[in-house]
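Hello,

Here is the structure I promised to pass on. Please open it and keep it beside this email as you read.

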Amino acid sequence: MLADLVLAVLTFIIGASVGSFLNLVADRLPAGRSIVTPRSFCESCDTPLAHKDLVPILSYIWIRGKCRYCSASIPMRFSGVEALTGALFAAIYFRYGLEGEFILVAAGVSLMLVVALIDLDHKIIPNKIILPSLVVLLILSPFWTEMGISRTFLGNDNLGGTVINSVLSGLGASMFFLVIALIYPSGLGMGDVKLGGVIGLLVGYPGALLALWLAIVVGGVVAVGLVLFTKFGRKDAIPFGPFLSMGVVVALLAEGDLLSWYSDVGDLLAGT
Ligand SMILES: [Zn+2]
C-alpha cells in the first residue's frame with residue numbers, strides 16, 4: 001500500500017517532467033526549432049532559465065506564475081500540461097503496474113498529448129511526428145499481445161493475429177477519416193487521416209473504435225456548446241486532434257474495463 005503510494009508519486013513526478021518536455025516539443029517543433037538546444041528561456045525577456053526555474057509545477061507556484069527576471073506572467077497552460085501528464089502517468093501505473101506496458105502506454109499517451117497541443121495551437125498535425133510514429137508502431141505491431149496488451153484477430157493472439165488486428169485497425173481508422181475529409185474537407189484534413197493510422201496501430205481493435213466514438217461524441221458536444229454559448233461561428237474550424245487524443249488516452253487506460261462494458265452494451269443492443 002505504502003509502496004503503491006510511493007510509486008504513484010514517483011510516476012507522477014516522472015510524468016510531470018515528461019510533460020515539461022512535451023511543452024517544449026509542442027512549442028519548438030512546429031517552428032522548426034531544435035528540441036535539444038538552446039535551453040528554455042523566458043518568452044518575454046529572453047533570459048535563459050536556471051535549473052530552479054524548470055522544476056515542473058513547483059517552479060510555477062514558487063514564482064507565482066511570473067518570470068523572476070521581468071515579471072511577465074507565464075501562461076498556466078505549461079503547468080497544466082505537466083500536472084495532466086503526471087496524473088496520467090500515475091493512472092497508467094495503477095492500471096498496468098511498472099511492467100513493460102507502462103513504457104508503451106506512457107509513450108503512446110505522450111505522443112497523443114503532443115499531437116493535441118500542436119493541433120490546438122497551429123491546427124496542424126506535423127508529419128515530423130506522425131511519419132516516425134507510423135514506422136515505430138508498424139515495427140511494434142507483432143508484439144502487443146506478447147507485451148501484455150491483448151490484441152487478437154478471429155481469436156488468434158499469435159504474432160499474425162496481433163499484426164492483422166493492428167494494421168487493419170490503422171487502415172480502417174484512416175479510411176474512415178479519408179471518407180469524412182473528402183465529404184467535409186473543412187472539418188478534417190490529411191493530417192487527421194494519417195493520425196487515424198497512428199491511432200489504429202496504437203490502440204488496435206476494439207480500442208480504436210472506442211477512441212473514435214468518444215472523440216466524435218465529445219467533440220460534437222463541445223462544438224455544439226461553442227456555437228450555442230460563445231461567439232464561435234459555425235464556420236470556425238475546431239481542431240479534432242485534441243478530441244482524438246483524449247479518446248485514445250481513455251481507450252489506452254480503460255482497455256479491458258470500459259471495453260467489456262462497451263461490448264456488453266453491444267451484445268445487449270444486438271439482442272444476444
Ligand atoms: Zn522574463
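Below are the findings, starting with the metal site and moving on to the aromatic rings.

One caution: this is a predicted model.

**Zinc site**

Four cysteines hold the zinc ion through their SG atoms: Cys42, Cys45, Cys67 and Cys70. The distances run from 2.2 to 2.3 Å. Along the chain, these donors follow the spacing C-x2-C-x21-C-x2-C. Cysteine 45 is partly exposed, at 28%.

**Aromatic pairs**

The count comes to four aromatic pairs. In one of them, the ring centres of phenylalanine 89 and phenylalanine 102 are 6.0 Å apart. Their planes stand at 90 degrees, so this pair is edge-to-face. Phenylalanine 89 belongs to helix H3 (residues 77-96) and phenylalanine 102 to helix H4 (residues 100-122), so the pair ties together parts 13 residues apart in sequence. Phenylalanine 89 is buried at 4%, and phenylalanine 102 is buried at 8%.

Tyrosine 93 and phenylalanine 94 have ring centres 5.4 Å apart. Their planes meet at 50 degrees, so that pair is tilted. Tyrosine 93 is buried at 8%, whereas phenylalanine 94 is exposed at 53%. Phe176, Phe177 and Phe240 form one aromatic cluster.

**Charges over rings**

The charged end of arginine 95 sits over the ring of tyrosine 96, 4.8 Å from the centre. Arginine 151 lies over the face of tryptophan 144, 4.4 Å from the ring centre.

Best wishes

Notes
Residues are numbered from 1 along each chain as its sequence is written. This is a predicted model: local features need pLDDT of at least 70, side-chain atom pairs count only at pLDDT 80 or more; totals for chains, interfaces and linings use all residues. Side-chain values use heavy atoms; hydrogens and water are left out. Donors are N, O and S atoms within 2.8 Å of the metal (3.2 Å for Na, K and Ca); water is not among the atoms, so sites may look incomplete. Buried means under 20% relative accessible area, exposed over 50%, partly exposed in between (1.4 Å probe, protein chains only). Rings of Phe, Tyr and Trp (its six-membered ring) pair if their centres lie within 6.5 Å; planes under 30 degrees apart count as stacked, over 60 as edge-to-face and the rest as tilted. Helices (H or I, at least four residues) and strands (E, at least two) are DSSP runs, numbered from the N terminus. A charge sits over a ring if NZ of Lys or CZ of Arg is within 6 Å of the ring centre and within 35 degrees of the ring normal.
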